[in-house]
Amino acid sequence: MTTTPAPAPAEATPTPTPTPTATTPAEAAPGLHASTPASPRPGPPPRPRPAILLASTVGSVAALLLLVAVGTVLDQPLLIPPLAASMALVAGAPDLPLSQPRSVVGGQLLSALTGFAVLAVAGPGLWGAAVAGGLALGVMMLARTPHSPAAATAVIVALQAPQVWSFLGLLTLASLLLVVVGLGSARATGRTYPVYWF
């Protein structure tokens, strides 16, 4: 009986190892490629709807005319510019933290008190007014009542040296009036104001 020899085992063919290729930094980190499109730059805010534009403008004009009347009676006409800036925030940007009642009323009153404190130490003058404006910003930040127009209120106090109680009374009334106008404007246009009260 003849036996056929078993076939010789085939030699294992080695699998080729991939040759390392040089990778560029862009391939290693695709986000760093120079041609990657950058995020779009922010543009101006969208144009408001006509109803919002009309309600905000009419409410602001009415509120400021009333403030001018009260300020004239109480002989505080210089208080109108910072209150006009406050009104612009409440009517034009009701979602911002600077526009909320806590910031409008609290920021204005704290800034006025800061102005009176500087006035008590330094007396009326431009140097004291500059210090009062800067300190007012710090006080508002500390109290979490950011309202940039109120820094001008501190400056006015340090320059004018008004009667404390009549000035604070007018300022409180005016600030509350701005909040009421903001509420009315929001109801008329379907917007949300305030986002928070305190």
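**Entry 1. The whole chain**

I started from a predicted model. I counted 7 helices and 0 strands in the chain. Read from the N terminus, the elements run α-α-α-α-α-α-α. I then looked up burial: of the 198 residues, 34% count as buried. The accessible surface came to about 12600 Å². Carbon and sulfur atoms hold 72% of that surface. For contacts with a separation of 6 or more, I found that 74% join residues 24 or more positions apart.

**Entry 2. Helix H4**

I checked the length of H4, residues 101-122. Its 22 residues should span 32 Å at 1.5 Å a residue. I found its end C-alpha atoms 31 Å apart, which agrees. Just after H4, I noted that Gly123 has a positive phi of about 80°.

**Entry 3. Helix H5, length and end**

H5 covers residues 126-143. I ran the same kind of check here: 18 residues at 1.5 Å each should span 26 Å. The end C-alpha atoms of H5 are 26 Å apart, so the span agrees. Just past this helix, Arg144 takes a positive phi of about 60°.

Which residues of H5 are buried? I listed Gly128, Ala129, Ala132, Gly133, Ala136 and Met140. Seen down the axis of H5, these buried residues fall within an arc of 140°, so they line one face of the helix. I recalled the general rule: an α-helix has 3.6 residues a turn, so residues three or four places apart point the same way. Next I turned to the face of H5 directed away from the buried side. It carries the exposed residues Trp127, Ala130, Met141 and Leu142.

What covers the buried residues of H5? I found that the cover includes helix H4 and helix H6, the latter being residues 150-160.

**Entry 4. H5 against H6**

I looked up the packing of this pair. The axes of H5 and H6 come within 8 Å. They cross at roughly 145°. H5 passes H6 in a right-handed crossing. From H5, the contact is made by Leu126, Gly128, Ala129, Ala132, Gly133, Ala136, Leu137 and Met140. From H6, I noted Ala150, Ala151, Ala154, Val155, Ala158 and Leu159. I compared this with my burial list: Gly128, Ala129, Ala132, Gly133, Ala136 and Met140 of H5 are buried and also take part in the contact with H6.

Conventions: Residues numbered from 1 in each chain as written. Predicted model: local features only at pLDDT ≥ 70, side-chain atom pairs only at ≥ 80, totals over all residues. Heavy atoms only, no water. Helix = DSSP H or I, 4+ residues; strand = E, 2+ residues; numbered from the N terminus. Expected span 1.5 Å × (residues − 1). Buried < 20%, exposed > 50% of the residue type's maximum accessible area, 1.4 Å probe, protein only. Arc of directions from axis to C-beta. Contact = heavy atoms within 4.5 Å. Areas by Shrake-Rupley, 256 points an atom, 1.4 Å probe, with all protein chains shown as cover. Axes fitted to C-alpha atoms, helices over the stretch in contact; angles between N-to-C directions. Left-handed = near helix turned anticlockwise from the far one by under 90°.
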